[in-house]
Amino acid sequence: MLKFLPKNVQDEIISLCGDNLCEVRIRAGEKIQVYSSENGIESVKKLPIEMSVEEIEKCFMRLCNFAYFTVEDQIKSGFITSSEGERVGICGECVLNGGEVTAIKNITSLCVRFPKNIIGCAEKFFDKYVKTSPKSCLVISPPSQGKTTFIRDLGRLYSDKLGLGVLYIDERDELSGGGKFYLGENADVLRFANKDYGFKVGVRTLNPKVIVCDELMSGDDANSVLFASASGVKVISSVHSDNLKNVLKKQEISAILKCFIFDYVIEIDRFNIRKVYNEKLEPIC
């Protein structure tokens, strides 16, 4: 963990937070901020360490394994997933070509997030609402409240308790944690595939009964879910928001909800279920 950082920075962070580490913020010329969570209580502390632009650039090159071209597509999307599974957001100067971002240079800050794998966090929901047959589910929460962890565990339960083939479309390598997380004995993973490719290739060639993907964002994402649903495949996914009311303001996501694709919509807060809606978007819990 944190192998791309200087050894003294690694040691300071680990001694301060240990297994409770959630996020590290590194900004050129500023003290490093460390976010941790223990017993549901979040805290932030500053290390007595600052890093220069040059030091951040060195960390960035270690993240790339000194081979920028191998992670070029990730960088265009503003992140790199490290060999240990941390997702590192990148901030700097965007290089444009024809109006599209083709690279990021002169890196000035890094946001390091640590995927959590909490086996059993979706079990109560599974036992109460899924039982013996798969259901399509959409999980709602703001960032860093457990969406990815919840849908990962729900997919595992579909695999191991229902014996279903589950395909994970793992765009940012967070669902599989760099290949280190257990996803189920009947699970397949497409790492770094976008949803359009993952859903189409998955349905046509891998015969999944369930597809798990993170963070529906665009009309293309919504169309991928529609394609899978029309093909008879159940979908487990998530969306950034604080509640269903605000999700319905997102035109593309609202459209698929009104098609009754998801059997359940689940609002969660720090891995805990706050509210459950049925496919007609009526609250049932």
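Analyst: In this predicted model, the axes of helix 6 (residues 195–206) and helix 7 (residues 219–230) come within 9 Å and cross at roughly 10 degrees. Because angles under 35 degrees count as roughly parallel, helix 6 is described as roughly parallel to helix 7. On the side of helix 6, the contact is made by Lys 195, Asp 196, Phe 199, Lys 200, Val 203 and Arg 204, while helix 7 contributes Asp 221, Ser 224, Val 225, Phe 227 and Ala 228. Two packed helices are described by the angle between their axes and the distance between the axes, and a pair of aromatic rings is described in terms of the distance of the centres and the angle of the planes.

Turning to those rings, the structure holds 5 aromatic pairs. One of them joins Phe 125 and Tyr 264, whose centres are 5.9 Å apart and whose planes stand at 90 degrees, an arrangement called edge-to-face. Since Phe 125 belongs to helix 4 (residues 123–130) and Tyr 264 to strand 12 (residues 264–269), this pair ties together parts that are 139 residues apart in sequence. Buried means under 20% relative accessible area, so Phe 125, at 1% relative accessibility, counts as buried, and Tyr 264, at 14%, counts as buried too.

Another of the pairs is formed by Phe 126 and Tyr 158, and it is tilted, with 6.1 Å from centre to centre and 55 degrees between the planes. Here Phe 126 lies in helix 4 and Tyr 158 in helix 5 (residues 147–162), so the pair connects parts that are 32 residues apart in sequence. Phe 126 is buried, with a relative accessibility of 3%, and Tyr 158 is likewise buried, its relative accessible area being 0%. Returning to Phe 125, ring pairs link this residue with Tyr 129, Phe 150 and Tyr 264 into a cluster.

Leaving aside residues up to four places away in sequence, Gln 10 touches Met 1, Leu 2, Lys 3 and Leu 5.

Definitions and conventions. Residues numbered from 1 in each chain as written. Predicted model: local features only at pLDDT ≥ 70, side-chain atom pairs only at ≥ 80, totals over all residues. Heavy atoms only, no water. Contact = heavy atoms within 4.5 Å. Axes fitted to C-alpha atoms, helices over the stretch in contact; angles between N-to-C directions. Helix = DSSP H or I, 4+ residues; strand = E, 2+ residues; numbered from the N terminus. Parallel < 35°, antiparallel > 145°, perpendicular 65-115°, else oblique. Phe/Tyr/Trp six-rings, centres within 6.5 Å; stacked < 30°, edge-to-face > 60°. Buried < 20%, exposed > 50% of the residue type's maximum accessible area, 1.4 Å probe, protein only.
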